[in-house]
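Welcome, and thanks for taking a look. Please have the viewer open as you read through this short briefing.

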Amino acid sequence: MWDVIIVGGGATGLGTALDAASRGYNTLLLEQADFAKGTSSRSTKLVHGGVRYLAQGDIGLVREALYERGLLLKNAAHLVKNESFIIPNYQWWKGAYYSFGLTLYDLLAGKLSFGRSKHISKKETIDRLPGIKQQGLYGGVVYHDGQFDDARLAINLAQTCLEQGATVLNYFKVTGLLKAGGKTTGVWATDMETGVAYQIKSKAVINATGVFVDELMQQDEPHKKPLVRPSQGIHIVLDKSFMPGDDALMIPETDDGRVLFAVPWHGKLLIGTTDTPVDEHSLEPRALEEEIGFVMRNVSRYLTNAPERKDVLSVFAGLRPLAAPQEGKKGTKEISRRHKIIVSASGLITITGGKWTTYRRMAQDTVDNAIETAGLDMRKCMTTNLPIHGNIKDVDRADHLYVYGSDRDALLDLINENPEWAEKLHPDLDYIKAEVVWALRYEMARTVEDVLARRVRVLFLDARAAMEMAPVVAGLMAIELKKDKNWEVSQADEFIKLAKGYLL
């Protein structure tokens, strides 16, 4: 009998499993696909308070997120970095306007501040944002926020869960709830690789399935109205030559009043995002033509070299689980990003909303709720100062292996076992074969997609290169996992078919 079963292996589920396990509860996490397969690998890669939530007046949310941002920089220092963002201003009075708002943003961060915002001259703006349009430019405002690698953090959270005594399983789908006397007492789950079904009992069941929360809630209460309205956000990835500096660009106003970011990420330029209400949810959402046009059009207003479709290296979409709007309300950009915890009559606990930056606080609130709902022994939260697997300060970000943090040297030691693993997976990229073997042995990767999308992030950075790497990766995996040639060929083929959806 488990104390806690968590359904869903994204940021919220993994954070909740870590919180529960570190408090000493007997914890099981089940994920139907791979960790962070959905929304949690498809973010704008920002660890931030949310400048635009400040504009909406949600000071409490911003303060909470800025506090969590500070903790993330401390507890996952290998993956989270302090990034400077520049807002260019093309109207003389805007500099003062943004400086005032961002000073408040800095103050809310308190002693966990990433640095003070300041006004910079036209010349400095041009020097720091090479490629920015100069006509009509008055200057800029610099502020600081965090940047990270979302899927890598998810994998490190899964590893930390294991170190804290939890059991975390990917490719293990929850198909139904166990009930006794009107109470939820566990789950039905199927191992997706063997097809074997299991009946697993637990004192508390937590539904942390993101955009899929309604499916489990409706199994619990079939007449329940949907809680979540998915909103899609897309990103396009360009070569770094479009904006070669180290600073990120923040576009404060777009056609629909949202902000847009252009952020340096793993040697490329990541631009996003949109906010498009969608009626369906899936594990592989696709960017819509109108969203691609929106991003290209809005970023082109700020860059001297306007990107064209042929310049896009990868395009990916993610779904946000937003609280379903009330009657008569249409827009999604005003819907609060605050998290919500709902406990049903049967005791099923559902957590929804929120964002990556606040995953730890969401987990703490969820486990506190589970203690009360399931009558678990009262134990205090331990995650505020808990280092996440891989955490080391001062990594060399010029070396792409920095994402492995304290595991980097052990990964390179694999080359002693087989010198061939020092070879590159692609002539134009730095990734090496040892990373594939490491992903299989120590990071629970099971498919070519797991490796190329979420262990090394190449699908999100350069989809064509990822397709070219697929057969090599499948071959390495077949040897390591003792699979036959049919498995190897079908893995490469499946991945290439999937990756085509990341190309325009």
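Predicted model: local features only at pLDDT ≥ 70, side-chain atom pairs only at ≥ 80, totals over all residues.

Which residues in helix 1 meet which residues in helix 6? From helix 1 the contact involves Leu14, Ala17, Leu18 and Ala21, and these meet Ala154, Leu157, Ala158, Thr160 and Cys161 of helix 6. The points below go through the helix pair and then some salt bridges.

**How helix 1 and helix 6 pack**

- Helix 1 covers residues 11-22 and helix 6 covers residues 150-163; their axes lie 9 Å apart at an angle of about 25°.
- Angles under 35 degrees count as roughly parallel, so helix 1 is roughly parallel to helix 6.
- The handedness of the crossing between helix 1 and helix 6 is left-handed.

- Across the whole structure, a search finds 44 salt bridges.
- Side chains of opposite charge can pair when their charged atoms come close.
- One of the salt bridges joins the side chains of Asp34 and Arg455, at 2.8 Å from N to O.
- Asp34 sits in the loop between strand 2 (27-30) and strand 3 (46-47), while Arg455 belongs to helix 12 (residues 448-455), so this pair links distant parts of the chain, 421 residues apart.
- Asp34 and Arg455 are both buried.
- Arg69 and Asp145 also form a salt bridge, and their closest N and O atoms are 2.8 Å apart.
- Are Arg69 and Asp145 buried or exposed? Both of these residues are buried.

- Asp450 pairs with Arg454 in a salt bridge whose closest N and O atoms are 3.0 Å apart.
- Because Asp450 and Arg454 are four residues apart in helix 12, about one helical turn separates them.
- Asp450 is buried, and Arg454 is buried as well.

- Which residues are linked with Asp34 and Arg455 in a network of salt bridges? The network also includes Lys37, Arg42, Glu284, Arg286, Glu449, Asp450 and Arg454.
- The Asp34 and Arg455 salt bridge and the Asp450 and Arg454 salt bridge therefore involve residues that belong to this network.

Conventions
Residues numbered from 1 in each chain as written. Heavy atoms only, no water. Axes fitted to C-alpha atoms, helices over the stretch in contact; angles between N-to-C directions. Helix = DSSP H or I, 4+ residues; strand = E, 2+ residues; numbered from the N terminus. Parallel < 35°, antiparallel > 145°, perpendicular 65-115°, else oblique. Left-handed = near helix turned anticlockwise from the far one by under 90°. Contact = heavy atoms within 4.5 Å. Salt bridge = Lys/Arg side-chain N within 4 Å of Asp/Glu carboxyl O. Buried < 20%, exposed > 50% of the residue type's maximum accessible area, 1.4 Å probe, protein only.
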